[in-house]
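Welcome, and please take a moment to look over the model below.

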Amino acid sequence: INNNGEPVATGAAWYGPDDIRNIAFQLPQDLATPEAGELAAILETARATPKNARMELSIKASKIIKLLTKDAPRLEQLGWIQAPNTKLIVAIMAKLRERSATTTLQVWGTNTPKRNMEETEHLIRRRTENPKTYNIHTKVKDEFNTSGLLMSRGTQSLFYKGICGTNNRYQERRLTRMALAMTHHTVREISLDTPSEAQIWKSIRSKDIPKGIHGFLWKNLHGAYRLGEFWQNIPNCEHRGTCRLCGGIESMEHILVECEDSPARKLIWELAEKLWCWREDAWPNIRFGTILGCNLAHFTDTKKKRLEGKSRLFSILTYESAHLIWKLRCKRVIKFNNEEDKFHSKNEICNRWISTINRRLKYDKLLTNTSRYGKKALRESLVLHTWSGVLLDEDDLPDNWIRTAGVLVGILPQRFSERNG
């Protein structure tokens, strides 16, 4: 991932000192995936080597060798649908089938000359410093190509993926590109590392995220909620795109992090910051991209070791708080019809948030039950590292409070329930 949040894949092939065949290149973005650089280097080497000459390839990633040998027959029967870097792998397999001489694949190891590895890495560094896109040829001769999925091996899921893969009319939506770009930028600010698009999509499917919030994040990444500008071109409905509290355009970003007149938004983020600061130093600046990528925000100690409990607590506070703000907004607009005398009071908002976080703490404790959940159970150490330091009367609790009843977060519910307005 470069500084602009774009995926980058660089490959190199080193034949020997001052060999004119030494090559390094940067792939176009549509091919820039993990291991794509090495796969492209294999393809170019196979093209440059005579078909009747022995070819020995030393490869850095062992998974590539497994992909081209052990996994290849199965993936071919499935129409390469489950294969990563499909275009490159299909082209490599076709090129290897054209060869009549022996081809040997081996992974980098103790038997690999140190100079070979250093020279290859040097080629890659030089190309990274002076990027120049190389348009690699992936077209395959018909006689060496196998296409289609073996009917006896197909499933409904595979058939669906295959159909989607043949639909070239798909174009990424503008709102999706914008949401992904914001997520790239805000996660990099916290973690000092830019996630790929695949990592962002995978992060919202984490088992730590409840299904309802998973759907909430997915829709926000796609800009699927009917808010703001959606209503601007619909006659007699333009008013639905305006925030009734401040008069601004009511986008999801506005609802969750921008509206200054929303008591729910302001109070909920204050509560999240307050609980966080019971244990940690500074609460990160919350923006829309932070919410979408909160499960990718990784905190580290002075030795660059990931603080799993701290990262998990931040993720839980962020997506639970954002989802509650959205639910309270929907109730205010749809059920209460924006009638001020029915708005949630500050005490109600506070108690709803505390109840939400305490319920999540309770679920975490229950999910550590190995007799019920087996290997899927949460590690007790993970739950302890996540919540220790933010609990009520924690000095009176045992070191391992997982089986202790009545464990609550440190912020107490409010006893009054006057309504705002």
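How many cavities of 30 Å³ or more does a search of the whole structure find? The search finds 1. This is a predicted model, in which local features need pLDDT of at least 70 and side-chain atom pairs count only at pLDDT 80 or more, while totals for chains, interfaces and linings use all residues. Residues are numbered from 1 along each chain as its sequence is written, and side-chain values use heavy atoms, leaving out hydrogens and water.

**The cavity**

- A cavity is a set of points on a 1 Å grid over the protein atoms alone where a 1.4 Å probe fits but cannot get out, and lining residues have an atom within 4 Å of a point.
- The largest cavity holds about 170 Å³ of space, a volume being the space filled by probe spheres set on the points.
- Its lining has 16 residues, and Leu 245, Ser 262, Ala 264, Arg 329 and Arg 332 are the closest to the centre.
- Helices H10 (252-258), H11 (263-276) and H13 (308-335) each supply at least two lining residues, and H13 gives the most, with 4.
- By class, the lining has 10 nonpolar, 3 polar and 3 charged residues.

**The helix pair**

- Helix H7 (residues 174-191) packs with helix H9 (residues 211-222) at an angle of about 110 degrees, and their axes are 6 Å apart.
- That makes the two helices roughly perpendicular, a term for angles of 65 to 115 degrees.
- In this contact (heavy atoms within 4.5 Å), H7 uses Leu 175, Thr 176, Ala 179, Leu 180 and Thr 183, and H9 uses Asn 220, Leu 221 and His 222.
- These contact residues divide into 4 nonpolar, 4 polar and no charged.

Key:
Axes fitted to C-alpha atoms, helices over the stretch in contact; angles between N-to-C directions. Parallel < 35°, antiparallel > 145°, perpendicular 65-115°, else oblique. Nonpolar A, V, L, I, M, F, W, Y, C, P; charged D, E, K, R; others polar. 1 Å grid on protein atoms, 1.4 Å probe; cavity = no way out; pocket = protein on both sides within 12 Å on 5 of 7 lines; lining within 4 Å.
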